[in-house]
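Here's a walk through the model on your screen, with an eye on the charged pairs and the surface. Have the structure open as you read.

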Amino acid sequence: MSRVVDFCQNCLHAFLDYETAKTLVIPNLRVGCIFRFIQILILLYVVGYICVVRKSYQENDSVISTVTTKVKGFAFTNTSDMDARLWDVADYVIPPQGDDSFFVLTNVVITPNQTQSRCPALPNPKTTCMRDSDCIKGLTDPRGNGVQTGQCVQFSTNMKTCEVFSWCPLEIDAQPSAILAAAENFTVLIKNSIMYPKFNFHRRNILPHIGSSYLKSCEYDQETDPECPIFQLKYMVSEAGEDFQDMAVKGGVLGIFIDWSCNLDWPQGNKCHPKYTFRRMDNKNPLNDVATGLNFRFAKYYQTPDGKETRTLIKAYGIRFNVIVFGTAGKFGIVPTIINLGQGVLLRDEGWFFFCKITRTQDTMVKGSKVLFTEGESNTRKTRAALQDCQAPGNRSSLPGNRSSLPGPPREHRNRYSPPGLHSTRGQKRPSRTAEHQGTEAVFQDRRSLPFTGPPVSPPPEAAPLDCRELGSPARHARRSSKRHEDLERAQETEAVLLDCRKLNQRQNHHTLATETKHSLSTACSSTEGRGGTGAYPSSMGGGRVHPGLDASQSQG
């Protein structure tokens, strides 16, 4: 039962315990400027690019559209090749309706009154001949004019070609100037309806405030009238960077692009309007004009009163206008907003992690910085108090590497280990270190095991344990605070230093006892003898040895 309870408690602690990271304060201007600069970059990216530019807080939908066109205008021609003629919409719009496109005729090559008969083929290396044997009867060439009859006939005064059975007379292709140059004044009404099914939004390019009277008089201009759906052909070609008269000779393909990018967060889609752009889509290379432009052939058929079929062949050059509709609509959505905000927070955390990696390098980013840990303040105070004890007046240095100069304990504790009867020699001239003094010091070294009969002396207060994290520089602390085994080594080293400090203090006290006075030593020995001992030291202390600096009477009495 206890195991079940323990398991439940562990589960509750794992789920409900709150964890927080340790706070690191780095009072360094350079590091702080870099940190704030990284924060500003992340903020600009999240707010400026993700939210403002990309609008990633919105849900998006693609446009669905339909396009219909209606061309209006007429042109009058009167050339030597054909009689005077008036061209209207039925003549130059071929076909009348297209799939999101329309074609306007700008130039023609007309071959009237063709009938199926025999005539000389147009001259080329395969059709020129000198005699009938040069022509093959029944030969068909997909790129030729018809079926050869096997006869070599006169094409002109100085040339003969093989006879063919075809629609005669044959078409003579020429490159005249644009016959329908007046087509640049034609206009086209583009009716475009779009919808965004995800948001149930419908709109067309003829806006709600546009009436029929306005459509009869308006003409699109990007600057003065951008809402009019009626476009002049010359204006569209010039907006694409082309000249209508040059393009009309051989034809071409022009794209009309309608952009329906809408922000549906505005009420009733007030900011959802079409934007028109124009661009030539066929490849125009001035250095290579082979097979450029757009042309095709069609014929109009007739029947003579005697029942013979005739036709008029027309080779049409013109401009095809392709209407291309594209766009996306966006509207606020809670799901993409949460996702992108989460990405921003994650990016901030990654930036902070990268910044912390930089600040761990002592030589680059945090050299000279002061690291403060709230948990180490108490140990720091104790360590400094212990070091001050070793640096008391009368000592030359603190914690040097040489043991001969190690400091002693504070002066107020210096005489606590002195035997009774000894007095301070402060201010007196210190005797030289003679052989007698050296012997006295040896006696005191052996006398450490004698029982002490004086008043109880309290030991000096123990030095506070040093905090190993305060021995090095602050940068070293920041680099090694997470290494526990190094902290232990530093603590052991500090304890060894304090131990050396105590030993040196004891040695100095013993040396002071040996040089202060000789009769104090006799008094201490007499007191020992009065308690039942002999004038000599116990066997454990070297039994019966007399100090060479004293005479026999002094050693016995």
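## A charged trio to start with

Let's begin with E242, R280 and D282, which are linked in a network of salt bridges. A salt bridge here is a side-chain nitrogen of Lys or Arg within 4 Å of a carboxyl oxygen of Asp or Glu. As background, side chains of opposite charge can pair when their charged atoms come close. Within the trio, the side chains of R280 and D282 meet at 2.7 Å, N to O.

Are R280 and D282 buried or exposed? R280 counts as buried because its relative accessible area is 17%, and D282 is buried too, at 18%. The cut-offs are under 20% relative accessible area for buried, over 50% for exposed, and partly exposed in between (1.4 Å probe, protein chains only).

Residues are numbered from 1 along each chain as its sequence is written, and side-chain values use heavy atoms, with hydrogens and water left out.

The mean pLDDT (the predictor's confidence in each residue, from 0 to 100) is 74 for the protein, with 64% of residues at 70 or more. Residues 362–376 fall below 50, and this stretch has 35 contacts in the model beyond near neighbours in sequence. Residues 394–473 are also below 50, with 132 contacts counted in that way. A contact means heavy atoms within 4.5 Å. Where pLDDT is low, the predicted coordinates should not be read in detail.

## The overall build

How many helices and strands does the protein have? There are 13 helices and 16 strands. These are DSSP runs numbered from the N terminus, with helices being H or I of at least four residues and strands being E of at least two. Of the 557 residues, 35% are buried.

If you take the contacts between residues at least 6 apart in sequence, 69% of them join residues at least 24 apart.

## Salt bridges across the chain

By the rule given above, the salt bridge count is five. One of them pairs R118 with E163, with the closest N and O atoms 4.0 Å apart. The pair links distant parts of the chain: R118 is in strand β5 (residues 101–120), E163 is in strand β7 (residues 159–168), and they're 45 residues apart. R118 is exposed at 55% relative accessibility, whereas E163 is buried at 14%.

Then there's K315 with D173, whose side chains meet at 2.4 Å, N to O. K315 sits in strand β15 (residues 309–326) and D173 in the loop between β7 and β8 (187–196), so the bridge ties together parts that are 142 residues apart in sequence. K315 is buried at 6% relative accessibility, while D173 is partly exposed at 39%.

Leaving out residues up to four places away in sequence, K315 touches N107, V108, V109, E171, D173, N295, F296 and R297.

K70 lies in strand β2 (residues 64–72) and is partly exposed, at 45% relative accessible area. With residues up to four places away again left out, K70 touches T187, V188 and L189. K70 and V188 are 118 residues apart in sequence, but 5.4 Å apart C-alpha to C-alpha.

## A greasy patch and an annotated segment

Which residues form the nonpolar patch on the surface? They are L43, Y45, V47, Y49, V52, V53 and L347, with about 640 Å² of accessible area together. Patch members have over 30% relative accessible area and no salt bridge; like charges are joined within 9 Å, and nonpolar side chains (Val, Leu, Ile, Met, Phe, Trp, Tyr) within 5 Å. Helix α2 (residues 29–53) gives the most to the patch, with six residues. Y45 is found in helix α2 and counts as partly exposed, at 37%.

An unreviewed UniProt entry annotates residues 34–52 as "transmembrane region". UniProt positions follow the numbering used here, feature names are shortened, and annotations may be inferred rather than shown by experiment. In the model, residues 34–52 are 100% helix and 0% strand, with the end C-alpha atoms 25 Å apart.

Methods:
This is a predicted model: local features need pLDDT of at least 70, side-chain atom pairs count only at pLDDT 80 or more; totals for chains, interfaces and linings use all residues. Accessible areas come from the Shrake-Rupley method with a 1.4 Å probe; for residues, only the protein chains shown count as cover.
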